[in-house]
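Reader: Could you show me how to read a pair of helices, and then a contact between chains?

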Amino acid sequence: MKRELIYKRFERFWHWTQAILVIFLAVTGFEIHGSISFFGYDQAVMYHDIAAWSFLVLIAFAIFWHVTTGEWRQYLPTWKNLKAQAEYYIFGIFRNSPHPTKKTVLSKLNPLQKIVYAGLKVLIIPAMVLSGLLYMFYRYPQRYEVLSLNINSLQTIAIVHTIGAFLLLAFLIVHLYLITTGQTVTSNLKAMITGYEDLPDESTGEKVKSSTKKEEVAEVSK
Amino acid sequence: MKRIFLPLFMLLVFVGMILTALHKNSSDTPPLLKLKAEYSVRHKSSVDHSLFPELKKKFKRPQDVTAACISCHNGRADEVMKSSHWNWERTEYIVGKGIRSLGKRNVLNNFCIGITSNEQSCSRCHAGYGYSNGPSYFKDSLNVDCLACHDNSGTYMKMNEGAGMPDTSVNLNYVAQHVGRPTRTNCGTCHFFGGGGNNVKHGDLEEALFDPTRDVDVHMASDGEDMQCVDCHTASKHQMLGKMYSVSSMNRNRVTCEGCHSSMPHSDDILNEHTLKVACQTCHIPVIAKVNPTKVYWDWSTAGKLENGKPFELKDSAGTDIYMSIKGSFKWIRMLKPDYIWFNGTASHYLLGDKFDPSKPLVLNQLYGSYDDPDSKIYPVKIHRANQIYDTQFDYLIQPKVYSAKPGDGGFWGDFDWERAAREGMKAVDLPFSGHYGFTRTTMYWPANHMVSPKEQAVECHTRNDGRLATLEGFYLPGRDYNPLVEQLGGGLLALSLLGVLIHGGGRILVSRKKKVTK
């Protein structure tokens with residue numbers, strides 16, 4: 001076993017800030033939606049706006065970090081091991097089989113994670129950001145008049161935003177559970193807090209097939 | 001690390017630029033303070049009318065007063081004679097009906113119904129002396145009643161059932177010497193008592209506005225701005241700004257809040273954005289009839305019951321009439337939460353002789369508007385419902401003669417005979433009466449414009465969701481509306497996720513226990 005830094009300082013900051021913001025946005029958002037009542041409608045709107053702007057700033061920094069460090073490649077979806085990973089969650093995990101995808105610093109996400117996280121980043125988050133910005137700005141008051149995009153009704157914007165919210169919340173539920181499916185029940189959580197995780201040595205019986213191409217990060221398969 | 005510094009700096013600058021662009025400067029002097037300063041200047045009469053010899057000579061008839069007024073203010077009576085206050089009708093365009101003459105003279109309502117054949121009583125509120133339907137009355141400028149609007153002595157009043165003549169108790173010389181700019185008392189004497197009693201018709205115009213507190217009306221408050229009706233209902237050549245949709249149909253000559261307050265009066269962007277679709281009145285008039293109740297239902301069909309051959313009245317515990325033999329049964333509400341409609345400033349009207357379907361409630365003044373119409377906004381209205389007389393054979397509303405000068409003249413209030421009252425009234429409006437009558441449900445809409453509350457009492461988001469807008473259709477209201485399919489699928493997805501996680505986790509726990517046991 002080897003102790004490795006998997007999640008760098010910014011990554012952890014980004015992850016946990018995002019976690020807090022998403023949960024806070026969900027609570028205030030579903031209050032605005034009329035599903036729950038906690039802060040009161042007016043306050044919920046105000047808090048939701050503040051959290052949304054904070055999230056946008058965070059997203060700007062996260063994109064910058066991912067681009068400059070090249071870490072965005074971690075999310076490139078792959079077919080490799082996808083089936084094995086799915087089978088692991090359906091069967092292997094109950095038989096105490098080993099994880100089909102070995103975590104390495106160069107490839108810390110399994111194929112299912114890659115697909116889901118890439119989907120979040122490419123589809124859900126942009127859809128939420130776009131519909132959220134339209135929600136705020138499809139009408140915008142200037143000093144003497146309200147300027148308006150040629151959008152008559154809030155309905156489509158609001159429904160897209162609601163769909164995204166449901167998907168994010170479902171992701172959150174499953175994501176929270178999958179924390180427990182690491183090497184040990186708590187190893188994933190510890191890694192995201194401290195940044196370090198004990199990774200199995202690459203030389204202990206497993207064949208390592210690394211690609212010559214730089215963007216194809218190492219995949220480990222049995 | 002150095003490589004990262006420049007891009008990071010540029011990013012910060014970029015974010016900063018966006019935030020600066022979105023930030024708006026607040027205006028220097030609050031506009032409300034400017035308005036307060038402007039309206040705190042009290043109007044002062046430029047001359048002392050009590051010194052004019054013309055007003056000291058004895059007036060035999062009220063028309064003599066008018067002659068004295070005109071002797072200096074020449075041409076003014078002619079201006080009055082072009083106004084709605086005088087003509088009680090104006091030329092209006094009604095969608096689907098074309099250009100019609102519309103006003104008190106010919107429109108039916110669901111209160112005392114209509115003035116034709118009842119002029120002797122109704123015209124107490126006409127700005128003239130000795131009202132009659134003959135053309136000579138309306139053409140004689142000496143019939144113009146200057147005093148009703150310009151009395152500042154507080155002693156002028158019109159005779160009950162006197163066709164607009166002053167009460168015999170009035171000292172015409174004293175009143176004529178104390179004239180000036182119209183006050184709330186002048187306007188309120190008629191406009192607060194429309195429909196035959198205090199606050200019967202409007203709901204937002206009542207005798208409490210003679211001397212209101214700030215909570216009742218923030219503009220007219222005696223302890224505040226103390227604004228008079230004519231501060232907003234300004235006039236040029238005696239043509240007043242403003243009108244009511246009970247007797248008009250076009251989007252013109254309206255008094256607007258925006259005229260003084262602008263359409264962007266809030267410091268909060270979200271509130272300003274609302275002005276696109278929400279009228280000021282909607283949030284700033286959270287309740288009407290704040291002091292005395294307003295009539296919301298009038299059932300004429302129960303009128304005419306007599307006790308020992310005599311008409312009687314019943315009052316509720318608060319002293320409000322709930323039954324009158326001459327008028328029927330009523331319902332009143334104090335602190336009335338208005339209803340809300342989309343309204344674009346145009347209205348339709350039921351006109352005398354229009355046939356209708358008696359199986360449905362008949363709307364007498366349909367206010368037009370919808371969310372999709374860019375001219376429409378949400379407005380607060382008082383809805384007045386009634387059960388009133390109509391011709392069951394011809395399917396049109398009946399103009400009954402209700403006022404009775406003496407028993408036996410056919411007026412319902414003297415003879416309590418609906419058939420006779422209907423016959424006399426329909427004769428007066430020149431429409432056939434089949435001899436068969438019944439009672440039908442009617443509805444009127446009265447936009448609420450007065451009794452503006454202090455801003456602290458305005459409707460807020462969370463009170464907005466207290467069901468006020470529950471029935472307003474055609475748009476998506478956050479917190480109220482949703483897509484049922486999305487809610488079901490979304491809720492299902494969450495439930496499935498939770499269930500899946502529980503089953504999966506439960507399975508793992510079971511398996512690990514088994515393994516421990518087997519070990």
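Author: A crossing is left-handed if the near helix is turned anticlockwise from the far one by less than a right angle, and right-handed if clockwise; here H1(A) passes H5(A) in a left-handed crossing, helices being DSSP runs (H or I, at least four residues) numbered from the N terminus. This is a predicted model, in which local features need pLDDT of at least 70, side-chain atom pairs count only at pLDDT 80 or more, and totals for chains, interfaces and linings use all residues. Residues are numbered from 1 along each chain as its sequence is written, while chains are lettered from A and ligands numbered from 1 in the order in which they are written.

Reader: At what angle do the axes of H1 and H5 of chain A cross?

Author: Axes are lines fitted to C-alpha atoms, for helices over the stretch in contact, with angles from 0 to 180 degrees between N-to-C directions. Those of H1 (residues 9-32) and H5 (residues 155-178) of chain A come within 11 Å and cross at roughly 130 degrees.

Reader: Which residues of H1(A) and H5(A) meet?

Author: Contact requires C-beta atoms, placed from the backbone, within 7 Å. A:Val22, A:Ala26 and A:Gly29 in H1(A) meet A:Ala165, A:Leu168, A:Leu169 and A:Leu172 in H5(A).

Reader: How many residues does each chain give to the contact of chain B with chain A?

Author: Chain B gives 35 residues and chain A gives 35 residues. On the side of chain B that touches chain A, the largest share, 12 residues, comes from H18(B).

Reader: Where in chain A does pLDDT stay under 50?

Author: pLDDT is the predictor's confidence in each residue, from 0 to 100, and it stays under 50 over residues 203-222 of chain A. Where pLDDT is low, the predicted coordinates should not be read in detail. The mean pLDDT of chain A is 84.

How values were computed
Helix = DSSP H or I, 4+ residues; strand = E, 2+ residues; numbered from the N terminus. Contact = placed C-beta atoms within 7 Å.
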